[in-house]
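Have the model open as you read.

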Amino acid sequence: MLHWLRAQNVALLTDVYLEFEAGLNVVTGETGVGKSVLLEALGLILGGRGRTQLVGPAADRAVVEAGFTPPEAEPSDRERFRALAQEAGFPVEDGDLMIRRELRLAPGRRSISNRITVNGTAVPVAVLRALGAVLAEIYSQGEYLALLQPGAARETVDEAGGHAPLRRDVAAAFRALRAREAERDALQERLAAALNEAYEAGYVGANVLGAADFSVDITLHWGAGAYIVGEETALIESLEGNRGMPRLKPPYFPASIGLYGKPTIVNNVETLCNLPWIVSNGGAAFAAMGAESSTGTRVFAVSGHISAPGVFEVPFGTTTFRDIIFDPGYGGGLRPGRTLKTFIPGGASAPWFFEEHLDLPLEKTAVDQAGSMLGSGAIVVMDDTTDVVKACHNLVRFFARESCGKCTPCREGTSWLEKILSRILAGQGRPQDLDLLMDVCDNISPGISWPPRQTTICPLGPSAVSPIASAIERFRDEFEAYLPATAVAVTTSSAVAS
Amino acid sequence: MSEQEAVVSITVNGEEVQAAPGELVIAAAERSGVYIPRFCYHPRMSPVGMCRMCIVDIDTGRGPALQPSCMVEVSEGMAVDTASDRTRKAQDGVLEFLLLSHPLDCPICDKGGECPLQDQTMDYGPGESRFVEEKRRFKKPIPVNDLVYLDRERCILCDRCTRFADEVAGDPLITFQDRGDHTQVNTFPGLPFSSYFSGNTVQICPVGALTAVPYRFKARPWDLTEAESTYPNPMGDRVVVQASRDQVLRYQGVDSDAVNWGWLTDKDRFSFEAAASELRLRTPLVRGTPLGRPDADGDELVEASWGQALAMAADAIRAAVDSKGPQSVAVLGGARLANEDQYAWARLSKGVIGTDNVDAQLDDGLPADAVLGLPRATINRACTPGGTVVLLAPDPKEAHGTLYLRLRHAVVNDGVQLIELTPRASGLSHLAAHRLHHRPGEAAAVATALVGGDIEAGPDGRIGGVPAEAVAAAAAALAGRADQPITVILGRPSLAESADPTLEAAAELARFAKMLAAGGRPGLAFLPALHRGNVFGALDMGLAPGVLPGRVGLDGGGTALAEVWGSVPAAPGADARGILKAAAEGRIEILFLLGADPLGDAPNPVLAQEALARVGTIIASDMFLNSSTAQAHIVFPAAGFAERGGTHTNLEGRITRQRQIVTPPGTARADWAIATELARLLGADFGFGSPEGIWEEITRVAPSHRELSAEAIAAADGAVATGSSIEFNPPAASARVPHVDAYSLRLVSARRMFDRGTIVQHAPSLAGLAPKAVLALNPYDFQRVGVDSGTPVQVVSHVGEMDVPVVADAGVPRGAAAFGYNHPDLDVRELIDPQAAVTDVRIQTR
């Protein structure tokens, strides 16, 4: 129970001393006389946040003191109080408890420091907060004590606003992000450690392996994973610290005007990985592998609806798609009972291949002539359970999100394509939407031919065209099936009329 | 294009076109009369090929391919087809894409009627959108700074404003954010687009995404009447003045190749607000009683008729000349008038009254001979690729904004090397090849060493406070490029020191110029950079002691001038300081103030107050009452820019036309008319009745202007007056500056762009942009003071003291303290000793 309360230089109160009797005590007064300041003072005693404004204008410190009898009614409160006293180390004599809190202003009145004693023993403010929970309950504007805790306050506001699920989602996304960052950090560490080892071994750095005339440094530069930064000029922009946006060729061919305006060779890791073998075994040995027009080996990543997805290095040009998808040594075929619907031969931007292309060799000319490309070597297999409209939407959404936003046809076109497909999937397609899709594609990639022409700066825009053109050409009926019945009826009747 | 230049032949739509090597297809086509639609392309910025609107079929021998014509340079035999079906379809497609999320709120958009997107939508695209999805939406509008609003959903992401901020202004504070179709232009969080040049982004925005607060919703383009004119600043920026219902509503920059390239500073662009101020003078004022009755002994200014005011002025002048001679009449100001106004006032004061006590500057510039007596450069000469610029002037970014843009372009893009010979850093310092930031007052020693003179470094290894090796490196760089044009930007780098050290430094450079000229090299020339609108016109028109119109001395006027004028003063009169001193000593009876405010502007306000208090009759001609004209006895309301015609002279001596497009407020008149009328009352008939008539007389009597017929100056870039019979007379004795003691800092003071000046303070949108005064110290010195940034300290000089917040600024050299000259809140002149070569201050903390 609270017996007395004294507040000195708390806001507008210069010195107030109040005694309380058992039972109901009523403090009354006009508005503005300072009743709520008394409550603030009590709040300070109970562990509330000290603010500089609480110190009276003429003073350099505010002091609040209060006398309590420790809780007796509730056994649990009694227990907690005893435990607290023991932990905080303040004496409890004749059952009385005197709490004193002083707020001292730093010069300049910008910050405050606390001096807190409980029965003469200095304690941190956390002790007051814990004591507050057992000594008093303030019923007034809300759950006063609970709201002193930032977490509790946040929770209350979120609950009230109906944002609890959103908060949980954000928290989960944040944890996921952190996890991925940790994963990335580990990979970066590993790569950096490997590079350090290479330096120590003399493979990299000044005078490689003692060579008087050959030195090479390797700088690791961490990107943040934008797809467009795979485009060589966008990569160079990113390395220079700019937004990852492609440069226009001409004039920015990296071999003549590259990083910092200097001639630059951009190679991907796969190419570099081939070098040690070629250096060790000679170019002729490398060229002896594979087909005449596509020599050496290449790495293919086979994924999708397949029994044994994986990354495979195969002789270039002699292996066929059928081999790499169905051979038990590679992809191992489709899942039992499934048939092949389509597959992407070389990354998300490549036009789709079908059953009839399976016996094509993994060879540049043959694939080009068949109207697609080996590109990144990422083969994605789709079986008969695939909803091609959704697959198409998924790919186009990817390109729309990865568009850097620099040039108009890609920035606006890819997201328009995505929106139309979203609308079709939502059952709100219109008969003219399929032609519209194709015409938008045509405005990004005139003629929708292969290799693609483009109105854009880089090939990202035309990349979004490939899945749509492939899917609509082959599976137009599946798109039409998404159109509402009325829309289809209109098509039919107009067809009849014509 | 001259015959000698290499020529590339291409065909555009089958027609043969001659292009310059390196020219872009879009520019070559436009020159040949084929306009290729575009949004992102801007001839004054590097091409980015973003909008894709200018995509056309280009065939370089490998078959036609769609290529952005703003990125492709012409090559021999190239065939361009801007009308092929494929081109047409691509352009239609791009336009449709651009309009997908555009709100089409043209009826409430400021750009409506002058909008490239609107215009090209009439010519390209499907006419009706096939886009039925939800458009992108953004909060609208958001302020990117105090003057410019951004409606992001109107934006077509052409990169013009962001490129301008980065490439042209060097203030990359607006940028693309997010990506894909979420890409938007925005400022960085908490960092506004604080640029002196932000208004240019509004002008070059090809849609209504960026709008200027002073113009928003004020007019529709089709209601505007317009005239091309010259903004009255020392650069002579070319502008289009646009008005509606007899009120100026907008200035737009005009791309003059020789001058401003289409750019304007925000200060100039939005200054039109001041012309419409309620506080403009509308009728003549004379001394009178509180009831408004004219009375020579009255304490108030009361309205009078022109007849009354002119008669009173003429009577006072006649009485003064009769009793105390023509030397008792003095004229201050006139630097903001048009050339014709200046000529009329010069003829009135020097030809009719017979006084040479005439000065357009207020002891805050350089003497006429330093401008007219040194080899003169043009802006384009200063920007010659591979040349050298020596900055011996205040920060161009603050003082001459568009000159800063031109110099910045030259340094960044054209390999011009910049050598700073200034007492503190400027807005160009980070681009300067050599920064010789000397101790205030010691420019001359550094200049001597810079041109190879024999100067011994002090015991600290420094010359004028600059490390000797830094000076030597700059000297080597200057000598190394001496076969290329060298241009000295010459002004008053600091008003806390006298003009002498700068003039001595100029003399050193002038000696070097003579040496180079003797060697047959392009040599060294000066581009003077003084304060006040038409100060260079004033010097050419004779509004300075000892000179007459046409860059001649009092004796060298030639017969033409003497014949027309009748007589000219025999001996040189006093400059502004001398005039104020004479007035304070009671020797001046009549003081004309032509748009001048010596109390507010002259470096010595104490002297100015003593002077104004003792002058018999102060006669002012001004647009506003200011602290000085409030003490006048007779005030004539003057017409301002765009309210009168005439011509303007810029820092190169380039003369271009100004046009009247609105009527002056009330009965305000052009200054030439006021001078002519006064002359008539004093018995002299000038014989001209229009600015054109005056110009005709100028070309007859002013030697340097003889070739400059009205037709010549009506050309796009006007015409540059050349030749001068004035000789530069640098100060005789080298001014010795005392050592700075260990407890003191030497004061540097220069004007900021936004200040307490008349125009800024009467333009509501600009008035609030003037920064509050601070004392800036080098971080090392700042640490010694031992207080937090922004803490007020007491600054004490031996003439005054004041409390001012102190901040750290690495652009201020150690041992110096920088204080803006013209802040609205604190007046640095209270600290400056106008008699001394330099002023030292001490800082006291409490």
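In the hairpin of strand 8 and strand 9 of chain B, six residues lie between the strands, and Asp178(B) has a positive phi near 60 degrees. Those strands pair in the antiparallel sense over four bridges, and Phe176(B) has Val185(B) as its bridge partner in strand 9 of chain B. Here, strands are DSSP runs of E with at least two residues, helices are runs of H or I with at least four, both numbered from the N terminus, and pairing needs at least two DSSP bridges.

This is a predicted model, in which local features need pLDDT of at least 70 and side-chain atom pairs pLDDT 80 or more, while totals for chains, interfaces and linings use all residues. Residues are numbered from 1 along each chain as written, with chains lettered from A and ligands numbered from 1 in written order.

Now to the contact between the chains (C-beta atoms, placed from the backbone, within 7 Å). It takes 24 residues from chain B and 24 residues from chain A. On the chain B side, helix 2 (residues 85-99) gives the largest share, seven residues. That side divides as follows, with Ala, Val, Leu, Ile, Met, Phe, Trp, Tyr, Cys and Pro as nonpolar, Asp, Glu, Lys and Arg as charged, and the others, Gly among them, as polar.

| Class, chain B side | Count |
|---|---|
| Nonpolar | 13 residues |
| Polar | four residues |

Methods. Two residues are in contact if their C-beta atoms, placed from the backbone, lie within 7 Å.
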